[in-house]
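Thanks for coming, everyone. Let me put the structure up, and then I'll walk you through some of its helices and loops.

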2 protein chains.
Amino acid sequence: MDLNMDLDRKVPVLDWEPHLAARTKHMHSSAIRELLKIIQQPDIIAFSGGLPAPDFFPLREVGEACQYILQENGAKAMQYSASEGYLPLREYLSDALRKYGIPATTDNILLTNGSQQALDLIGKVFIDPGDYILTSRPTYLGAIQAWNAYQSRYHTVNLDDDGMVVDEIEHAYDKVLADSGKPPSFIYVLPNFHNPGGTTLSQARREQLADVVTKLDLAVVEDDPYGQLRFEGDDLPPICTYIPERTIYLGTFSKTLAPGFRVGWISCPEVLMQRFVQAKQGADLHTGTFVQYVANDICQRGFLKQHVKRLREAYKERRDTMLDALTEFWPSGCSWTHPEGGLFLWAKVPEAINTVDFLETALEERVAYVPGVHFYPNQDGGLNAMRLNFSYSRTEIIVEGIRRLGVALKRRLAG
Amino acid sequence: MDLNMDLDRKVPVLDWEPHLAARTKHMHSSAIRELLKIIQQPDIIAFSGGLPAPDFFPLREVGEACQYILQENGAKAMQYSASEGYLPLREYLSDALRKYGIPATTDNILLTNGSQQALDLIGKVFIDPGDYILTSRPTYLGAIQAWNAYQSRYHTVNLDDDGMVVDEIEHAYDKVLADSGKPPSFIYVLPNFHNPGGTTLSQARREQLADVVTKLDLAVVEDDPYGQLRFEGDDLPPICTYIPERTIYLGTFSKTLAPGFRVGWISCPEVLMQRFVQAKQGADLHTGTFVQYVANDICQRGFLKQHVKRLREAYKERRDTMLDALTEFWPSGCSWTHPEGGLFLWAKVPEAINTVDFLETALEERVAYVPGVHFYPNQDGGLNAMRLNFSYSRTEIIVEGIRRLGVALKRRLAG
């Protein structure tokens, strides 16, 4: 074929704005994803991402799983597959969920491209433009990003050391009714090692939450990416244990195995499954077959359990290192949460310091964090707060990064 | 933890309908995905799916790629990565696209979970509820399913042996304006080996289409999953070659490498990239890192090119086998297209036979196809047509399946 075309010619720039859907006005890039680009500079200490420790990825076991799958089941692992997900993996997950307190069978489980896709599918199935969502302030940034595309609005309840302040839910519900004339689409809860807050919803509050949402006939989205990563204290029953009929529970392999596979799941009432499966079909037909086979192989061999145990020990050490470094290097007037698991803690600095402005100083010192305001869906808080990740960096890097931030904070406070 | 909970208790069934978004009324399961379940019965001859030949998946090369990646780049391949996609793969794709006539650089390319996700992201970025889309009748089912979730409507132009009847576009555009008071969101075109039609848009019509959409200021979605699978004739320039400033071009590895990896891409004007990247971030953060590394490795080694050559030969043989069998076994009054590539042909049976009803008979004969009406977004045609896939089954199976369908057709016509 000879096209006789000049591919280096200047392509005209079209004005695409008039062609776009109204919802694009509500869509923005994630502050975290944009920060990810900055922190790829190798000399920056990154407390900003939500990245698992790369030094613990089970490369050998994944390699073995790949070889085994290609030998035994290669053609099926590379083919199109069911929208619901790979059945043996759904069997493994439903067993694991039952041990965790969730009454799931394979008919309740849909595999997704990580939890982020679960959030998107929930938006597609539940949110009409202008609908309100109840959530904590602060809350997970990625959820806001997923749902903004469906033109949602937010009413929030506070977060404290026992997690979401459940006492405030009914009042927030009333505000939603008053503002929009209809109930919220659902309430979004991160019960374990909250992102970004680092705190855990107490058992008493879980029970109280189950009661109040039942009274209000509210659906619950329970997002639990870190539940397996508890370093201290006992597991608490998922909210789904109390009210499975109205809870959509989200899990993921991103924090226990590897985020680069993009394998997560929804566990939900069977009557909802058809809705999510339809949404999933339209979104991308199904989650990657090959990566589901890999995750399944790693799980069925029993390897994941022992791997998660190792992660817990490593992340506990990193959390302890960060807590100690904060005590040692940060000025007075600062405070932080003491997460019992997960990847993040939430730190507050004196009110004189705005953490959006301070980020520039921090980056000059070659340290990155996420400013607190980004986690407030209505931008009404977090001005002197920041999220710090402790899972990604080795302990000596954590100490150095917290030290650098401490020096910068003290200098800023000094004037 | 002792929950003291009876996980086998009867979970109450909630009425979820009042909680759902209005758009769910427009969402339905794909007829093809539902058929996929039926055809998993092993004795059914499946002409219904769009599955590549499993006997040609390059298992050895994928295994080598996995091992190499895990050894050389394992931690990065398992970690979160950029929403735009893996840079070396975007470099490979932009080079390949330029050779194909598309003026792309890495800044024009976004990796997606197969083309299906590209269709979904296009829906999210372009479609307001009630918007019209221009497309051919018949058209690709998966596109309709993706866009129905955004509450789109459709005006259609006919498809003939030279592809979409471009002469009808302006009239369809006028109908959209009259019906909705605004232009269509875009026109959707499958130029090569149309799914389900099997026909290819002629070069004259491509040029004519470029002129008419420019005159109408219409955006074009050019979906080209099969372009590399041409068995006869010369490659024709993509529509994007003529009007890159207004074309969103979609490609995929699903038909050349393996669908189970879920790796496809969008090539679009740079001014649109930020929109798609935002939509992608909200949808699932990024396409699987590991599978992108695998696809990249297979491409960079130059293996894909020779693999596609093998596929072309194999699919040509299967197409020829199907064409010969149709001539031999089917009754008079039937007709079918003669695809120059791809996976499908479109067959018409005498008008006395409704292919939706006839499917039951076909399944009794242990053969499956997709009834034509499913490919008509307004259900206004295809009643005596069916889509037949020739890529999936071995030649002897193709002969037997077409023979069985022929017997059933003759019996139905006889009485």
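A crossing is left-handed if the near helix is turned anticlockwise from the far one by less than a right angle, and right-handed if clockwise. By that rule, α4(B) and α5(B) make a right-handed crossing.

Some ground rules. This is a predicted model, where local features need pLDDT of at least 70, side-chain atom pairs count only at pLDDT 80 or more, and totals for chains, interfaces and linings use all residues. Residues are numbered from 1 along each chain as its sequence is written, while chains are lettered from A and ligands numbered from 1 in the order in which they are written. Helices (H or I, at least four residues) and strands (E, at least two) are DSSP runs, numbered from the N terminus.

Back to that pair. The axes of α4(B) and α5(B) are 8 Å apart, at an angle of about 35 degrees. Axes here are lines fitted to C-alpha atoms, for helices over the stretch in contact, and angles run from 0 to 180 degrees between N-to-C directions. Which residues of α4(B) meet α5(B)? They are Q116(B), L119(B), D120(B) and G123(B), and they meet G142(B), A143(B), A146(B) and W147(B). Contact means C-beta atoms, placed from the backbone, within 7 Å. Nonpolar covers Ala, Val, Leu, Ile, Met, Phe, Trp, Tyr, Cys and Pro; charged covers Asp, Glu, Lys and Arg; the others, Gly among them, are polar.

Next pair. Helix α12 (residues 355-364) and helix α13 (residues 395-414) of chain B have axes that come within 10 Å and cross at roughly 125 degrees. That makes α12(B) oblique to α13(B); angles under 35 degrees count as roughly parallel, over 145 as roughly antiparallel, 65 to 115 as roughly perpendicular and the rest as oblique. This crossing, too, is right-handed. On the α12(B) side we have F358(B), T361(B) and A362(B), which meet L405(B), A408(B) and R412(B) in α13(B). That contact has 4 nonpolar residues, 1 polar and 1 charged.

Now the interface. In chain B, 82 residues are in contact with 82 residues of chain A. α9(B) gives the most to the chain B side, with 10 residues. That side divides into 45 nonpolar, 25 polar and 12 charged.

Over to chain A. Helix α4 (residues 114-126) has 13 residues. All of them, 13 of 13, are buried. A residue is buried if 20 or more other C-beta atoms lie within 10 Å of its own, exposed if 12 or fewer, and partly exposed in between, with C-beta atoms placed from the backbone.

Most residues other than glycine have a negative phi, and most peptide bonds are trans. Where are the exceptions? R137(A) and P138(A) are joined by a cis peptide bond, omega about 0 degrees. P138(A) sits in the loop between β3 (132-137) and α5 (141-148) of chain A. In chain B, a cis peptide bond joins R137(B) and P138(B).

Then positive phi. L285(A) has phi near 70 degrees, in the loop between α9 (270-284) and α10 (289-300) of chain A. D217(B) has phi near 55 degrees, in the loop between α7 (203-216) and β7 (220-223) of chain B. Buried or exposed? L285(A) is buried, with 27 other C-beta atoms within 10 Å. D217(B) counts as exposed, with 12 C-beta neighbours inside 10 Å.

Technical notes. The expected span of a helix is 1.5 Å times one less than its number of residues. Two residues are in contact if their C-beta atoms, placed from the backbone, lie within 7 Å.
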